[in-house]
Amino acid sequence: MQWIDFRSDTVTHPTPAMRRAMAEAEVGDDVYGDDPTVLRLEELAADKLGKEAALLVPSGTFGNQLALFTHCRRGDEVIVEDNSHIVWHEAGAAAVIAGAHLRTIEGDNGLMAVDAIERRIRVGDDIHEPRTGLICLENAHGNGRVLPLSAMADTAALAREHGVPVHLDGARVFNAAAHLGCDVREITRHVDSVMACLSKGLAAPIGSILAGPADFIAQARRKRKLLGGGLRQAGVIAAPGILALTEMAARLDEDHQNARYLAEGLAKLPCVDIDPADIHINLVWFRFNADIDAAELMSALKQAGFLANPPHQGAMRLVTHWQVGRADIDRLLDVMQRVLSD
Ligand SMILES: Cc1ncc(COP(=O)(O)O)c(CN[C@H](C(=O)O)[C@H](C)O)c1O
């Protein structure tokens, strides 16, 4: 069955050009620093992300947790927004790998108030206190919204004042830049390290990038090896990653326009609450304002050839990407209209 998959942008298949690049990739042993395609990807990614150096890692979670593991000492505290991926979806890795404690702040649509961050920064002169080892931001946020650059600048200034590094979970930082109409470096200039996914809307089959200062990335490379993340002939995954950056980043606006189109259609359906103006990137979150038969809805979608994650606590997410077009969206809306009107 050829599914039309609205579950996430993690489901994207590599493009035909990526598959050709994978087959033709020049390779070497990356642990020895010999894979020319990985080196080319890391150099390109560092430049695109405005950092001195970059490191290819297997996943976004790996990149985030490697950042915590490299920035933090064991027992450090990490200030992070309560609904971030690092808190909800990384299997408690911060405690296991970095040995760090997550100090969460309830954000406003994912945005932590600067004064709330400041109240939680440990100044470190009290024997009872842990050290604040890192502040983490997420932009674009998993709630589908893009944090304003001014808010990132304010957080960066506070962090600098206290000598605390800032890491950006930039799984969708290229989506954020497309929404803001700015170069990615306008976002990443406010943080010390950034993780960016090649494998979501950018459609690479696997891989993320961790970028930052050269000495930080050198330490991270060593810690990646410690975690068993040393790569060998990884040129076969770096080659599609290069196309992700050089070709797919430029088309993300199409996914955002499709997401807005989907949201406008959802807004016309019975018992759906959504404001299309809230749609910043390719993540379309909405709520049901009445009891619906979720099992019937999911079954009807599946029978029509659509994959979607079921509603959770009344909220549901649909995600657009390069393998979802307007005709697919129209058909999905027709199915939802029929089920929700019953
Ligand atoms: C903001 C952010 N940061 C990090 C990650 C982790 O990336 P991977 O470990 O899946 O490559 C994700 C993946 N997000 C996935 C999704 O959205 O379907 C799931 C929830 O893990 C993410 O959304």
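The model is predicted, so local features are described only at pLDDT of at least 70 and side-chain atom pairs only at pLDDT 80 or more, while totals for chains, interfaces and linings use all residues. Residues are numbered from 1 along each chain as its sequence is written, and side-chain values use heavy atoms, with hydrogens and water left out.

**First stop: the largest pocket.** Select His89, Gly142, Asn143, Trp285 and Arg317, which, of the 46 lining residues, lie nearest the centre of the largest pocket. A pocket here is an open set of points on a 1 Å grid over the protein atoms alone, where a 1.4 Å probe fits, with protein on both sides within 12 Å along at least five of seven lines, and lining residues have an atom within 4 Å of a point. The volume of this pocket is about 1400 Å³, a volume being the space filled by probe spheres set on the points, which are joined across faces, edges and corners.

Next, colour helix 3 (60-71), helix 4 (85-88), strand 7 (193-197), strand 10 (283-288) and strand 12 (315-319), each of which supplies at least two residues of the lining; helices (H or I, at least four residues) and strands (E, at least two) are DSSP runs numbered from the N terminus. The largest share, four residues, comes from strand 10. By type, the lining divides into 13 nonpolar, 21 polar and twelve charged residues, where Ala, Val, Leu, Ile, Met, Phe, Trp, Tyr, Cys and Pro count as nonpolar, Asp, Glu, Lys and Arg as charged, and the others, Gly among them, as polar.

**Second stop: the second largest pocket.** Select its lining, which includes Met1, Trp3, Arg7, His13, Leu307 and His321, around about 170 Å³ of space. This lining divides into five nonpolar, four polar and two charged residues.

The whole structure holds two aromatic pairs, meaning rings of Phe, Tyr and Trp (its six-membered ring) with centres within 6.5 Å, counted as stacked with planes under 30 degrees apart, edge-to-face over 60 and tilted for the rest. Select Phe6 and Phe306, an edge-to-face pair at 5.9 Å centre to centre with 65 degrees between the planes. This pair links parts of the chain 300 residues apart, with Phe6 in the loop between strand 1 (4-5) and helix 1 (16-24) and Phe306 in strand 11. Both Phe6 and Phe306 are buried, that is, under 20% relative accessible area with a 1.4 Å probe, protein chains only, whereas exposed means over 50% and partly exposed in between.
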